[in-house]
Amino acid sequence: MKKYTFEDIRGKGLLIYEYMRGSHMYGTNTTESDKDYGGVYMSPSEQLLGLGIDYQTEIHDKTNDTVWFELNKFMFLLIKSNPTVLEALFADDDCVLYEHPIMTEIKKYRDIFLTKKCFDSFGGYAVEQIRKCRGLNKKIVN
């Protein structure tokens, strides 16, 4: 079955949010830094109805530098206090490449997603990053 691409989603007008993430979002980029992008899109009706197109919860490139979440998955991760999707709601205007009115409405209520669950989500993320660094024998270990 066919899967949609970034171009398909753009062409059908289903993209509701696109933003720059990663080091460029936080101002920690260097001249060697690549650009990372995030996004949210609505599933096309033929995908939801199973009309020859597999349902996709996300679209990403080979390097995961660009990752777009389907709106249902985005909202599910938002309720779980996922750091990746929470950062999308708080992206500065200069990092937002496109914002549909649907996403503007969701962003109006972004503060209600900041709950005690964030402690576990962000704490777990930080611990995992430390484990990765130690596993790679980075300077932090020494």
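**Salt bridges in the predicted model**

Glutamate 58 counts as partly exposed, at 24% relative accessibility; here buried means under 20% relative accessible area, exposed over 50%, and partly exposed in between (1.4 Å probe, protein chains only). The structure is a predicted model, where local features need pLDDT of at least 70, side-chain atom pairs count only at pLDDT 80 or more, and totals for chains, interfaces and linings use all residues. Residues are numbered from 1 along each chain as its sequence is written, and side-chain values use heavy atoms, with hydrogens and water left out.

So what does glutamate 58 pair up with? Its partner in a salt bridge (a side-chain nitrogen of Lys or Arg within 4 Å of a carboxyl oxygen of Asp or Glu) is lysine 73, with the closest N and O atoms 2.6 Å apart. This pair ties together distant parts of the chain, 15 residues apart: glutamate 58 sits in strand S3 (residues 58-60) and lysine 73 in helix H4 (residues 71-79). Helices (H or I, at least four residues) and strands (E, at least two) are DSSP runs, numbered from the N terminus.

By the same rule, the count comes to 4 salt bridges. One of them joins glutamate 18 to arginine 10, the closest N and O atoms being 2.9 Å apart. Glutamate 18 is buried, at 8% relative accessible area, whereas arginine 10 is partly exposed, at 45%.

Glutamate 99 and lysine 107 make another salt bridge, again with 2.9 Å between the closest N and O atoms.
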